[in-house]
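Welcome! Take a moment to look over the sequence and the model, then read on for a short tour.

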Amino acid sequence: MINKTQKLTKLSLLLAISIILHLLEPNLPIPIYGVKLGLANIMGLVTLKMFGFKNMIYINLLRVLLSSLLRGIIFGTAFWISLSGVVLSTLVVILINRNQKVSIYFLSVISAITHSIGQLLCVSYIYQSFYLMIYYSPMLLILAIPAGLLTGLLAKEALKRIQ
């Protein structure tokens, strides 16, 4: 049985790692504009499996908020785009995980896809252009599958090592 101090310590470490991954990821050399691997999502999935959906919500929302504060872009366009992706993907993953016992790979792919959809919806709203959604969605949704598989694999390996 894990006590409150141990739980808080582990959640704090998961949050710190997710913030670091979130801040480092834009520096990875991915040749397609707007495409990211979603490495910070690994810690969200780990949190879901270890501590449940409420803590996943806290970790994901705090990650976006604190990362934006550290970048100095709080409440800017990038913040809202990131927040929209995280909120949609977190809600969908929680709903799927509650109703069915599914693999972490499936959750990760669904998370990557819905994260992209959330961000595309936000960008389309901000720029008042549905054409952005039509133009970017095929590429982002297709690339979300291998990205989700990779983050699912990394989340599974992280869970093995943490537990």
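**A ring at the surface, a ring inside**

Phe75 is exposed, at 53% relative accessible area, whereas Phe79 is buried at 5%. Here buried means under 20% relative accessible area, exposed over 50%, and partly exposed in between (1.4 Å probe, protein chains only). This is a predicted model, in which local features need pLDDT of at least 70 and side-chain atom pairs count only at pLDDT 80 or more, while totals for chains, interfaces and linings use all residues. Residues are numbered from 1 along each chain as its sequence is written, and side-chain values use heavy atoms, leaving out hydrogens and water.

**Aromatic rings**
- The structure holds three aromatic pairs (ring centres of Phe, Tyr or Trp, for Trp its six-membered ring, within 6.5 Å; planes under 30 degrees apart are stacked, over 60 edge-to-face, the rest tilted).
- Phe75 and Phe79 form an edge-to-face pair, with 5.1 Å centre to centre and 80° between the planes.
- Together with Trp80, Phe75 and Phe79 form one aromatic cluster.

**Thr151**
- Thr151 lies in helix 6 (residues 130-162); helices are DSSP runs of H or I with at least four residues, numbered from the N terminus.
- Thr151 counts as buried, with 1% relative accessibility.
- Leaving aside residues up to four places away in sequence, Thr151 touches Leu37, Gly38, Leu39, Asn41, Ile42 and Ser108 (contact means heavy atoms within 4.5 Å).
- A polar atom of the Thr151 side chain lies 3.1 Å from the backbone oxygen of Gly148.
- The C-alpha atoms of Thr151 and Leu107 are separated by 10.0 Å, and these residues are 44 residues apart along the chain.

Notes
Helices (H or I, at least four residues) and strands (E, at least two) are DSSP runs, numbered from the N terminus. A polar contact is a pair of N or O atoms within 3.5 Å; within protein, one must be able to donate a hydrogen and the other to accept it, and residues adjacent in sequence count only if both atoms are side-chain atoms.
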